[in-house]
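This report covers a predicted model.

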Amino acid sequence: MAGGGDPAVELAGVGFDYAAGGEPIRALDGISLAVPRGATVAFVGPSGCGKSTLLKLAAGLIMPVRGDVRVNGAAVTRPLSNVGMAFQNPVLLPWRSVLGNLLLPLEILREHGDPRAGDRAQWEGRARTLLATVGLAGAERRQPRELSGGMRQRVSLCRALIHEPQLLLLDEPFAALDAFTREEMWELHQQLRQQREFTGVLVTHDLREAVCLAQTIYVMAANPGRVVHAHPVPLPFPRTVAQTYEPAAVELIATMREQIRRVARGAA
Amino acid sequence: MLPRRVLLPLLAFALLLAVWEAAVVAFGVQQIVLPRPSAIAETMVGTAGPIAFHARHTLVTTLIGFGAAVGLGVLLGFAIGASAVAHDALYPLLVGFNSVPKAAMVPLLVMWFGIGTVPAVLTAFLLAFFPVAVNVALGLATLEAELRDVLRVLGASRWQIFRKVGVPRTLPLFFASLKVAAASAFVGSVIAETVAANAGIGYLMAVAASDFNTRLAFGGLFVLAAMGVLLYGIFAAVERRMTAWAYAE
């Protein structure tokens, strides 16, 4: 299902520095990889290895200091406009209903005269369908404060997907959820992937999550942030949570845990 | 039947007045020092005409100063909140100016504008301006980075982010600042009226005090309290209506 054709996201020798008191600190260095169209890749690694910075580079929110970022073959020079993002914090707008939150991307696109904007009725239909997919049918008029953490995160995911982005960037999106809800979200992610064509980049601390969702997992090290290992995940799609307990998955998780422990101690 | 949140404070106030009345009688306090509430009420009824005239004057003065403060406060708050340069340059100044006791400005204002309504309006303005500007700036400056990123990857411009997110999320702070600003504007106009005016409750109280008319001075105080509570109540109600989402959690 994934692979073939041009890669959706290409990083070639990408590096990024933070200026900290005059002295630039190397946040990322020498990152070269390609994400095939329609695939989801995951980045795991110790805190401070630049995982989130990598995500921002892919979205064009920041520009690389070294190297090139290309999305769909074109060099990224400013924030992309066909990306969906979701974070650990769902950052819904508390003054808008669930539907109002889902229509926010539409309002932004329409003001730019973007052809994807379509009309409102069409978007409302799309919002209803998406909400039904994530198990929130009929929640359109509810306020974010009335929802549980898991429900808010679903709405946040819907908002990231409603404009049918080609690229979905997830920064520890399920980290604040309880274990049971988190696993539900993994299966939901599989389901959404089957229905929609999007390329995914996931940043996570949860190795089982990475194994469940990603085609390839990159293990990163810090100082400077770099990719030290790449693991193709030997499980077919769509995956279930149960598959993450199969021997191949368990072994991969153990391997990555050991690798992260080693890079965290400073010996990559 | 009045709701509990109105009834209970009214009962507490009535109890306070009763204790006050009883204490003055029991300890034989001189009326010129502390009059009985009933005597104050009597004086208020007797001087209802002049009190109403001065109360209206104070109210108009306060509202003009308050209105100007809200208008300019919002403008400056927007400027500071929308631009990082304006924020870094102006926010410290704002905090600095705000720490100047505004009452100390009254002699200057009198020197420039003479005795009358203008110094009172300007003092009300000065006291009400800062809370509005600071709150609006604060609301705009504290936008979550994640939310900004979500919108930017949709191609949203700064102006769109400001309009769709910055302004709505600043509203609760803005309305909260209106309550504070209304009360501050009252303080400002009355301070100026007590020292440099020919009308207003502040002027009335100053004259009453110089005549040792304690009852009338207290009467003025009650009228001020009533007007302050009224304005606060209006803006609190507006706030609840406009930004219910900010209070539900």
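## Fold of chain B

Chain B has 10 helices and 0 strands. Along the sequence, its pattern reads α-α-α-α-α-α-α-α-α-α. The C-alpha trace of chain B spans about 75 × 50 × 30 Å along its principal axes.

Chain B holds 249 residues, and 37% of them count as buried.

## Where chain B meets chain A

In the predicted model, 18 residues of chain B are in contact with 23 residues of chain A. Helix 7 (145-152) and helix 8 (158-196) of chain B each supply at least two residues of the side that touches chain A. Helix 7 of chain B gives the largest share of that side, 6 residues.

What classes of residue make up the side of chain B that touches chain A? That side has 10 nonpolar, 2 polar and 6 charged residues.

## The sheet of chain A

Chain A contains an open sheet of 4 strands. The strand order is 2-1-4-5, and the pairing is antiparallel. Strand 2 (23-36) and strand 5 (74-75) of chain A are the edge strands. Each of these two pairs on one side only.

Strand 4 (residues 66-71) of chain A pairs with strand 5 of chain A in the antiparallel sense, over 2 bridges. One residue pair can be named here: A75(A), in strand 5 of chain A, is the bridge partner of R70(A). In general, strands of a sheet pair through backbone hydrogen bonds, either parallel or antiparallel.

Definitions and conventions
Residues are numbered from 1 along each chain as its sequence is written. Chains are lettered from A and ligands numbered from 1 in the order in which they are written. This is a predicted model: local features need pLDDT of at least 70, side-chain atom pairs count only at pLDDT 80 or more; totals for chains, interfaces and linings use all residues. Two strands pair if DSSP finds at least two bridges between them. A residue is buried if 20 or more other C-beta atoms lie within 10 Å of its own, exposed if 12 or fewer, and partly exposed in between; C-beta atoms are placed from the backbone. Two residues are in contact if their C-beta atoms, placed from the backbone, lie within 7 Å. Ala, Val, Leu, Ile, Met, Phe, Trp, Tyr, Cys and Pro count as nonpolar, Asp, Glu, Lys and Arg as charged, and the others, Gly among them, as polar.
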